[in-house]
Amino acid sequence: MKAFVILVIAVLLGVGSYVLCFRSATAPMNAMLTQPAGELEWLRREFRLTDAQFERIKTMHRDYSPKCDAMCEKIAQTNGRLEALIGSEKAVTPALRAAVHDSAVAQEECRQSLLAHVYAVSAEMSPEQGARYVAMMKPRLIEQGLHADALIAKTAR
Amino acid sequence: MSTDFNDDELSQKLRAWRVEPQIPTGFQRDVWQRIAVRQTARAEAFWPSLTQWFSLRLARPQYAVALCAVMLMSGIGLARVQAQQANAQTWRMLESRYTTSVDPLAMTR
């Protein structure tokens, strides 16, 4: 009976220490995931930004967000129009050509804007970190709209 | 009581004495059955003896403390390894969230 009690205590100690240790080790990271601007906190830690650098980049990100949303809206509209025309037309009509052109223009504007933002952000970082940042964003600039997992897999190679 | 034996007569009687044992039916089967039972008993005795050994050891403080220490260290060690993996996955998710937040085309997908 005594041995059984000791065994139970030992198992509880093991399980308890696991749970406590795991939670405390993952709590900071989980907090970043749940907080609203967690991705900016990620940027700060990943690229070792100073407080001043971080504040400036945060401002740039805040200013860029409405432009980003507007472009997102424009791309969604042009793509929507293109999709509708592709469904309704039977051949390449002037309307379809115009829709393709509009979609391409919207995407080009998006790419130019993203490139400008990437360069501006990298300029705020130290040279070494700035180069790393541009290298990280390069696949997304070249193959824009790349799915996140594919992007991370590419940069990992 | 007379203990004079005629040696020749005794020898003759001994020579004439024959023993014819009667082997019961199923004798072989019984022997094998007993062997099987004892073998099973020997195998089953492992766990009771292990439990008894464990109980005796754990009753002593140094073994109880050692077991608790091992469980504690194992829990902490396993937690650290798994936390590392979980944190790495969270880091990748945050990276993905950032890159998506600045790429309008990714947002439309």
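This is a predicted model: local features need pLDDT of at least 70, side-chain atom pairs count only at pLDDT 80 or more; totals for chains, interfaces and linings use all residues.
Analyst: Residues are numbered from 1 along each chain as its sequence is written, chains are lettered from A and ligands numbered from 1 in the order written, and side-chain values use heavy atoms, without hydrogens and water.

User: Why is A:Leu12 called exposed?

Analyst: Exposed means over 50% relative accessible area, buried means under 20%, and partly exposed is in between (1.4 Å probe, protein chains only). A:Leu12 has 58%, so A:Leu12 is exposed. Its place is helix H1 of chain A. Helices here are DSSP runs of H or I with at least four residues, strands are E runs of at least two, and both are numbered from the N terminus.

User: What makes A:Leu12 part of a nonpolar patch?

Analyst: Patches take residues with over 30% relative accessible area and no salt bridge; nonpolar side chains (Val, Leu, Ile, Met, Phe, Trp, Tyr) are joined within 5 Å, like charges within 9 Å. A salt bridge is a side-chain nitrogen of Lys or Arg within 4 Å of a carboxyl oxygen of Asp or Glu. The patch includes A:Leu12, A:Phe4, B:Leu72 and B:Met73, and together its residues have about 870 Å² of accessible area (Shrake-Rupley method, 1.4 Å probe; for residues, only the protein chains shown count as cover). H1(A) gives the largest share, six residues.

User: How do you know that A:Arg48 is exposed or buried?

Analyst: A:Arg48 has 61% relative accessibility, so A:Arg48 counts as exposed. A:Arg48 sits in the loop between H2 and H3 of chain A. Its phi is positive, about 50 degrees, although A:Arg48 is not a glycine.

User: What makes a set of residues a nonpolar core?

Analyst: The set must be buried Ala, Val, Leu, Ile, Met, Phe, Trp, Tyr and Cys residues, joined through side-chain atoms within 4.5 Å. The largest such core has 28 residues; A:Trp42, A:Tyr133 and B:Tyr98 are among those with the most contacts inside it. H3(A) supplies the largest share of this core, seven residues. Apart from it lies another core of seven residues, including A:Ala3 and B:Leu58.

User: Which residues is A:Tyr133 in contact with?

Analyst: Contact means heavy atoms within 4.5 Å. Leaving aside neighbours within four places in sequence, the partners of A:Tyr133 include A:Leu43, A:Phe47, A:Met125 and B:Tyr98.
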